[in-house]
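Here are some notes to read alongside the structure. Have the viewer open and go through the points in order.

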There are 2 protein chains.
Amino acid sequence: MKDQGAKPKSNSQRAIGQLRQMIFSGDLSAGSDHLESELADRLGMSRTPVREAALTLESQGLLELRPRKGVRILPVSPEDMSEIYDVLTELESLAAEQAAGMAYDDADLMVLATAIEDMDDALSRDDLQAWADADDRFHAELVRLGGNSRVASIVGMMADQVRRARATTLFMRPLPTQSNEDHRSVLEAIRTGQQDTARLRHRAHRQQAKQIIIDLLKKHRLSRL
Amino acid sequence: MKDQGAKPKSNSQRAIGQLRQMIFSGDLSAGSDHLESELADRLGMSRTPVREAALTLESQGLLELRPRKGVRILPVSPEDMSEIYDVLTELESLAAEQAAGMAYDDADLMVLATAIEDMDDALSRDDLQAWADADDRFHAELVRLGGNSRVASIVGMMADQVRRARATTLFMRPLPTQSNEDHRSVLEAIRTGQQDTARLRHRAHRQQAKQIIIDLLKKHRLSRL
DNA sequence: GCATTTATTTGCGTATGCATTAATGAATGC
DNA sequence: GCATTCATTAATGCATACGCAAATAAATGC
């Protein structure tokens, strides 16, 4: 996830960041309801900026404002995950294809290469959280290189949701060694400018990832995260 | 475009609708700046709901809030259009593929079929606006049939932007007869459950549409809409 | 005891006012 | 004449207040 500059000077921006944090950390659990005034108290500000933040997060699909019921933290069902992964698959594959068409040199692709190495390192240390972070960096950089700002922003939002699900499933899944090979092969296709190959490889990669996570969610009856 | 239920009871919702309308109609021209208080006066309400509406529209990419400069109606450049069409192409193609996999019967596909007929009628009457409206209905229904609500909502937002550009270019372009054939062939693929074909045909359709509109924008030096 | 109506509470939508801070212009020094 | 500093203006971001409508509780009728 983006660092957000780390200094959001307005209360409204701060509220967005803090609420996101609280959702990801489970402090605000999925399905729970919270009054605007309660959240305002909790964040030490008035309802106005909280309300604005909630509106923003609603547009990003993290919560929902239900008049008189409070803001509801939206649970993520396996069906939601399926939808999200399908969108990610399409848009990231496009990004991979476009990135491959841009004749990037090794310096441009450094971030991708580094992310892959970091994933290898993390795996060898069994540090799944570090692996997940590097994986995020890889995917974020990929869409950046794709050059379509709308794709990048949509993917960024959806990735937030994936993170929520992954926080739960990360430690149930087999070590993602296959995933690393996938990343390498995508990078290679981008480096050598093979647009169709990049697209297809990334597409396959994402579809597999989808299957793994969906199976896990279903297997463990994790119908709502 | 969706009818929006026609009864947004809150001022906030009303503001969203009215501002959208004003943007599409050119009442608020691209690139222009407007103070929150000015818009509030114009809509006959206080700044609060206007501000909330502006926040929402900002998240949809129609405008931008620049502190102390007012809300700026975002212009749509050919580059923006290119980005938008690429996203639409990917996501609608996915929708077409998924729709084809759902074994819809003729009743389910009625809306699509009707939209196509309406487009034919409109063309025969040289009624381009009616054609555009029916085209909108076709694409909206397609993503609905695809069954991925996130795809539907993203496409809906992007379609808003396309409408803006099309309002300008609609009367410069050749009659979209090819487009109608495309629609028919996509529908046929969906009806017969040919997922890959549906995807590929729709993809080709959208890519062609992109090329046409981009060329028009560039040819007429319409760098900002 | 159950249903229906009435009263009460409570959270939201909106209006309003104020303080902060960026932008504009004036004034001063060089 | 130009740049720099300071004063002024003005729009925002936010706090606060209030009325309304929905939800809940109480009360009444059957």
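1. Start with one pair across the two protein chains: Arg199(A) and Glu90(B) form a salt bridge through their side chains, with 2.7 Å from N to O. The model is a predicted one, so take that distance as a computed value. This pair belongs to an interface where the rule finds ten salt bridges between chain B and chain A. There are also twelve residue pairs in polar contact between chain B and chain A, counting pairs with both residues at pLDDT 80 or more.

2. Which parts of chain B build its side of that interface? Helix 3, helix 4 (78-100), helix 7 (149-169) and helix 9 (195-219) of chain B each give at least two residues to the side that touches chain A. Helix 4 of chain B has the largest share, ten residues. Sorted by class, the residues on this side of chain B are eight nonpolar, six polar and ten charged.

3. Now the extent of the contact. On chain B, 24 residues are in contact with 24 residues of chain A. Interface size is often quoted as the accessible area that is lost when the parts come together. Here chain B and chain A bury about 2000 Å² between them, and 49% of that is on carbon and sulfur atoms. Within chain B, the residues that lose the most area to chain A are Glu83(B), Glu90(B) and Arg150(B), which together make up 32% of what that side buries.

4. Next, DNA strand C. It is surrounded by 17 residues, and the closest come from both protein chains: Arg51(A), Arg68(A), Asn11(B), Ser46(B) and Thr48(B). Of the atoms of DNA strand C that come within 4 Å of the protein, 62% are sugar and phosphate. The surface near DNA strand C has four nonpolar, six polar and seven charged residues.

5. Which helices line DNA strand C? Helix 3 (47-59) of chain A, plus helix 1 (11-24) and helix 3 (47-59) of chain B, each supply at least two residues of the surface near it. Helix 3 of chain B has the largest share, with three residues.

6. A few contacts on DNA strand C are worth a zoom. A polar backbone atom of Asn11(B) is 2.2 Å from a phosphate oxygen of DNA strand C. Thr48(B) reaches a base instead: an N or O atom in its side chain is 2.9 Å from a base nitrogen of DNA strand C.

7. Then turn to DNA strand D. It has 16 residues around it, and those that come nearest are Asn11(A), Ser46(A), Thr48(A), Arg51(B) and Arg68(B). Sugar and phosphate account for 60% of the atoms of DNA strand D within 4 Å of the protein. The surface near DNA strand D is made of four nonpolar, six polar and six charged residues. Helix 1 (11-24) and helix 3 of chain A, along with helix 3 of chain B, each supply at least two of its residues. Helix 3 of chain A gives the most, three residues.

8. What touches the phosphates and bases of DNA strand D? A side-chain N or O atom of Ser46(A) is 2.3 Å from a phosphate oxygen of DNA strand D. A backbone N or O atom of Ser12(A) lies 3.2 Å from a phosphate oxygen of DNA strand D. On the base side, an N or O atom in the side chain of Arg47(B) is 2.9 Å from a base nitrogen of DNA strand D.

9. Finally, the sheets. In chain A, three strands form an open antiparallel sheet in the order 1-3-2. Its edge strands are strand 1 (33-34) and strand 2 (63-66), each pairing on one side only. Two bridges join strand 1 to strand 3 (residues 70-73) of chain A, where His34(A) has Val71(A) as its bridge partner.

10. In chain B, strand 2 (residues 63-66) and strand 3 pair antiparallel over four bridges, and Leu65(B) is partnered with Val71(B). Val71(B) is also the bridge partner of His34(B). Strands 2 and 3 of chain B form a hairpin with three residues between them, and Arg68(B) in the turn has a positive phi of about 70°. Arg68(B) is also among the residues nearest to DNA strand D.

Notes:
Residues are numbered from 1 along each chain as its sequence is written. Chains are lettered from A and ligands numbered from 1 in the order in which they are written. Side-chain values use heavy atoms; hydrogens and water are left out. Two strands pair if DSSP finds at least two bridges between them. A residue is near a molecule or strand if one of its heavy atoms lies within 4 Å of it. A polar contact is a pair of N or O atoms within 3.5 Å; within protein, one must be able to donate a hydrogen and the other to accept it, and residues adjacent in sequence count only if both atoms are side-chain atoms. Ala, Val, Leu, Ile, Met, Phe, Trp, Tyr, Cys and Pro count as nonpolar, Asp, Glu, Lys and Arg as charged, and the others, Gly among them, as polar. Contact means heavy atoms within 4.5 Å. Buried area is the accessible area (1.4 Å probe) that two parts lose on being put together, summed over both. A salt bridge is a side-chain nitrogen of Lys or Arg within 4 Å of a carboxyl oxygen of Asp or Glu.
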